[in-house]
Amino acid sequence: MSWGGFKKAASRAGTTLMQKTGQVERTIDREFAEEEGRYKTMEKETNNLQKEAKVYLDSIRAMASAQSRIAETISLFYSHDRSSDGAMAGHAYKAAVDEMDAVVGRELDAPYRATVLEPIGKLNSYYPTINAAITKRDHKMMDYDAARAKVKKLVEKPSDDTTKLPRAQAEHDEAKEVFDILNEQLITELPVLVDLRIPYLDPSFEAMIRCQLRFAEEGYEKLSGVQRYFADNIRDDYANGALDVQVEGVLEEMRELSIFGP
């Protein structure tokens, strides 16, 4: 930071302190505060949207990988069995899951990044520039407040140096002009930016739904093909609790084995 910049920062810090103690009046612009609040809400929500959209993609990848590991394990159970219903179902499940895993990489990952993550990320990348403009406006507002306070003080307690008040008034007018320009610009442009979020994000929202639908349809299609290897009564047995009884029976047989001890 240059010496001039350091002096400005120190002066603004002093102005902030005096505003807190009531020695310098702070400019209150309710219109700007309202637009800034709407903008800050948008910034927070779109940053959260980018984070959660990435979590979704990571979760799909993790689920596909977990399915592949499960399918691999089930397939190993039937490594020497190719003809029983269970074996055919296990091998068909592995084939289906492998295809679904390929779909994630081929038809979900890249399109989702291009149509969802990247547009949201690009929008979020603009916020630092906008925040810098807001910070600059706040700094100029403090300069204006300090200049106004200085003029007020000289009016209430005139100086022996008659040139001080005109100089202070000129500094005040310049500070006010700079502040008004930045303030008006942000009041005008922030609501435009906030309103543009909908037409900008709508295509990404549609793309996200299409990607999710494609993955769901692919999963349904592949896994439905595995169902034909199960007996027709399996679904009814699950619904009426017969499968639970069967599982408990197998567990009881395991508990009767000598390796479980007395």
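The model is a predicted one, so local features need pLDDT of at least 70 and side-chain atom pairs count only at pLDDT 80 or more, while totals for chains, interfaces and linings use all residues. Residues are numbered from 1 along each chain as its sequence is written, and side-chain values use heavy atoms, with hydrogens and water left out.

The protein chain has eight helices and zero strands; helices (H or I, at least four residues) and strands (E, at least two) are DSSP runs, numbered from the N terminus. Of its 262 residues, 29% are buried, where buried means under 20% relative accessible area, exposed over 50%, and partly exposed in between (1.4 Å probe, protein chains only). Now for contacts, meaning heavy atoms within 4.5 Å: among those between residues at least 6 apart in sequence, 80% join residues at least 24 apart.

Next come the rings. Three aromatic pairs turn up in the whole structure; rings of Phe, Tyr and Trp (its six-membered ring) pair if their centres lie within 6.5 Å, and planes under 30 degrees apart count as stacked, over 60 as edge-to-face and the rest as tilted. Tyrosine 56 and tyrosine 112 make a tilted pair, 5.6 Å centre to centre with 40 degrees between the planes. Here helix 2 is linked to helix 3 (residues 85-125). Tyrosine 112 has 0% relative accessibility, so it counts as buried, whereas tyrosine 56, at 22%, counts as partly exposed.

Then there are the charges. The count comes to 17 salt bridges, each being a side-chain nitrogen of Lys or Arg within 4 Å of a carboxyl oxygen of Asp or Glu. Arginine 61 bridges to aspartate 109, with the closest N and O atoms 2.7 Å apart. That one also joins helix 2 and helix 3, across 48 residues. Aspartate 109 is buried at 14% relative accessibility, while arginine 61 is partly exposed at 27%. Finally, salt bridges with shared partners join Lys54, Asp58, Arg61, Asp109 and Arg113 into one network.
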